[in-house]
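Please look at the sequence and the 3D structure below. A short report on some of the features follows.

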Amino acid sequence: MTPMLEFDRVTMRYTTQARRQLVALQDCSAIVYRDEFVAIVGPSGCGKSTLLKIASRVLDGTQGEVRFEGQPLKRPTSRIGMVFQQPILLPWRTVLDNVLFPIDMMGRSIRDSEPVARDLLELVGLAGFESAMPGELSGGMQQRVAICRALVYDPSVLLMDEPFAALDAMTREELGMELLRIWNERRKTVLFVTHSIPEAILLADRVFVMTARPGRIAACIPIDLPRPRDLSMVSTPEYALYAQEIRNLIGCGTH
Amino acid sequence: MPRKSEISLAAGLIEAPSPTLSSRIGRQASEGAPIAVFAALLVIWELSCRYGGIPRWLLPAPTLIVSEMWAARESLPSHILVTLVEVVAGFFAAVVVGIPLSVLIVLSSFVRKITYPVLVMLQSLPKVALAPIILLWVGYGPGSKVLISAVTAFFPIIINTTAGLEAVPEELLQLSRSLEAPTLKVFWKVRLPFAMPYVFSGMKVSMALSLIGAVVGEFVGANRGLGYLILTYSSTMNTALVFGAMVLLALMGIVLFYVVCAAERVFCPWYAAGSARDRVL
């Protein structure tokens, strides 16, 4: 197993307006291996999104280092893709042009990538919507477009910051399964932030459990459920044990 | 009891088509109502002037206004043209200076720091107060009116464009950075299109303001234009033509406003379509 993304004692401190020191992240160390699906769970405010921002280098940590394929990562790179909580598509571009947005911004040939974009849209069940405008799509469909946009330039790592949090429960489960299917087809290293413990267990190879104030990685729990996964696994005893273990670690299972 | 429900059921069946009919009448009425009210007001105005003993120099009847305007049909178009040119030129000057300045303000904190105090000071100053000084500096001709119009129309453009350029979701900028996109490209392909709806709502306000500016300029000193006509005709008690010039100014304002709306639909159809949908809902 080759390490893809390494966090080495990443610490993040803020100074609040009242001049108080706030420690968002404290000595977070972890390794994400190639083609691994890692979920990060934790209570809100534990700094899981901050960790993701530091991993993508759009935010600089106060201390510590992030290594990408063994090399220190200094600047944002197109080898790391991003999906956010909101789809944030460009409302003036068609679905296809939104998927091709990264290609356009990187100055690569749009014509070469167009078949890739069409394949991705088909993969997420949006064939036929290529020339639709984002405003005409539902929230779930928009988030599918955003996932296609993150995959079209084939980054090796995908950072997903609560990508399904704004969706309703059913769409959320559906998209989770779809994400697994995509991940299965085009192997990627995925770092998936969520506040849903069931979602984390169902999707991930390993779950990083974070605790709040200061944000730390309390444990990395390997999930040995067989793949391919499906929603029926939620009712298995192993699944319940994992959920209980994670709840105990976060400290919300005791009361 | 079953009898009663039978009756109400039957009544419901009979009455079923009527709500849609009445709602259709209601919709036609709601569309026709403004016109009817406007027409009624005109009639009341006309009648009270004719039979109410209101002197024509105080309030001329609508028919008198129209006939006086018709009598002045030779001279009016040139005055309309003068004011129209001033308004449009002032508006474009505000846009051409305002948008690039907003861009600089957003892109450079240095420009922001040096321009903001000046802008705030100019903004808090009533533009009417500037008119005499501008006239003194630029002269009696149309140039001073264009400048007064531009200064009056300037701020909504600046404020809205700046707000629009800054309204781009932070994540989108992060994504652009992760794609290692050149700053200029991010600006052209992300920031500017995002700001367009804001720019257009600023332009709608500015168009109305530039009309005000041009008329203020003509009030302060001019020998042509609709503002000049209002001033001269009111001093000679030709109230009918004062009203006539006002009607022309109002029409000009409406037409120019819709021109901006049409431009908005051309330049940001995604936004215009969205807002039209909201209006229907």
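## A cis peptide bond

A:P228 sits in the loop between β10 (216–222) and α8 (237–250) of chain A. Helices here (H or I, at least four residues) and strands (E, at least two) are DSSP runs, numbered from the N terminus. A cis peptide bond links A:R227 to A:P228, with omega about 0°.

This is a predicted model: local features need pLDDT of at least 70, side-chain atom pairs count only at pLDDT 80 or more, and totals for chains, interfaces and linings use all residues. Residues are numbered from 1 along each chain as its sequence is written, while chains are lettered from A and ligands numbered from 1 in the order in which they are written.

## Positive phi angles

Most residues other than glycine have a negative phi, and most peptide bonds are trans. A:R9 is not a glycine, yet its phi is positive, about 45°. A:R9 belongs to strand β1 of chain A. B:E180 also has a positive phi, near 55°. B:E180 lies in the loop between α8 and α9 of chain B.

B:E180 is partly exposed because 13 other C-beta atoms lie within 10 Å.

## An open sheet in chain A

Four strands of chain A make an open sheet, in the order β2-β1-β4-β5, with antiparallel pairing. Strands pair if DSSP finds at least two bridges between them. β2 (21–33) and β5 (71–72) of chain A are at the edges with a single partner strand each, so one side of each has no neighbour in the sheet. Strand β4 (residues 63–68) of chain A is joined to β5(A) by two bridges. There, A:F68 stands opposite A:Q71.

## A buried valine

A:V10 lies in strand β1 of chain A. Why is A:V10 counted as buried? Because A:V10 has 25 C-beta neighbours inside 10 Å. Leaving out residues up to four places away in sequence, A:V10 touches several others, including A:L25, A:L51 and A:V66. Contact means that C-beta atoms, placed from the backbone, lie within 7 Å.

## Where the chains meet

In all, 17 residues of chain B contact 17 residues of chain A. On the chain B side, α8(B) gives the most, with seven residues.

How values were computed. A residue is buried if 20 or more other C-beta atoms lie within 10 Å of its own, exposed if 12 or fewer, and partly exposed in between; C-beta atoms are placed from the backbone. Two residues are in contact if their C-beta atoms, placed from the backbone, lie within 7 Å.
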